[in-house]
Amino acid sequence: MRIDYSSRPPIPEMNPNLGHLDNYRRVYSASEKQVSSEKGDDALADYLAAYDRLGIDRVVIKARDVETTFGFKLSNEVVAAFCQQHGPRFVGFAGVDPHKGMSALRELEHAVKELGLIGLNLQCFEHRLPINDKKMYPLYAKCIELDIPVNIHTGTNFSIKSLMEYGRPALLDEVMVDFPELKVCASPVGWPWVQELLAVAWRHKNVMIGIVALRPKYLKVPDNGYESILRYGRSVLKQQIMVGTSYPMMPIERSIDEFSELTMSEDIRKLWMGENARRFLKI
């Protein structure tokens, strides 16, 4: 099974122009320009056809609710509707706003039990909350109760309207000590604190690492801060790595090709490209 853990379909509701993310457009301009150049007259048809062509079995798309801090919400209903229309390939994570208290907990339960979403997505830098902030704790407990995983944004972010520190991977260690049953994917890969993330994942078997928003080829470039992911991901953490194309920040086919070109055994490649995600997502 092959799974793309991070993708955003080319429909207007999922791709608004958000001022607090303007700096991302600068950082990812080259990749996004390539994506734009490859789009035909029907971007959605091309998007769906790419997954057919590449033989991707599941694609994860994620809702986001950052209304309190930045006034934006990609609703659970929009994500669920897309998954229902184009399923079973597409599966969705809910997005709720930790600042909304009990309302967020009820919304998460509704998203899972009524809309069929299979996880929770928390963009800590967009919530302006560190990973271990106690406003997050009721949501972590609810994920355990609902038996769903949570995706937590880790590492740097490029929004100059928020702080890098909110995504520091070491903060996840406290969460896992307090919630050892919680199933977490920390993504992206934690730069510039890659070693911290590797240590947290090594300590806690329920922590997965999502290689998203990063060109896979950089994992094999010496001295750039990412090479240890490949080293540990082929050994002690081989069952804790998942991959995503991060479309439309990066082209789907290029990302899959670059993952396929990384040096590793075929058994480990199968784990990275889908088997680990299949277990994490309970597919």
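I looked up the radius of gyration, taken over C-alpha atoms. For 283 residues a compact globule would have a value near 19 Å, and the protein chain has 17 Å, which agrees. The globule rule is 2.2 Å times the number of residues to the power 0.38. The C-alpha trace spans about 45 × 45 × 35 Å along its principal axes.

I kept in mind that this is a predicted model, where local features need pLDDT of at least 70, side-chain atom pairs count only at pLDDT 80 or more, and totals for chains, interfaces and linings use all residues. Residues are numbered from 1 along each chain as its sequence is written, and side-chain values use heavy atoms, with hydrogens and water left out.

I noted 13 helices and 10 strands in the protein chain; these are DSSP runs (helices H or I, at least four residues; strands E, at least two), numbered from the N terminus.

Next I checked helix α10, residues 194-203. Its buried residues (under 20% relative accessible area, 1.4 Å probe, protein chains only) are Val-194, Leu-197, Leu-198, Val-200 and Ala-201. They lie on the same side of α10 because they cover an arc of only 160° around the axis, counted by the directions from the helix axis to the C-beta atoms. Trp-202 and Arg-203 are exposed (over 50%) on the face turned away from that buried side. The cover over the buried residues includes α9, β8, β9 and α11.

Last, I looked up Ile-211. Beyond its neighbours within four places in sequence, Ile-211 is in contact (heavy atoms within 4.5 Å) with residues including Val-189, Phe-259 and Trp-272.
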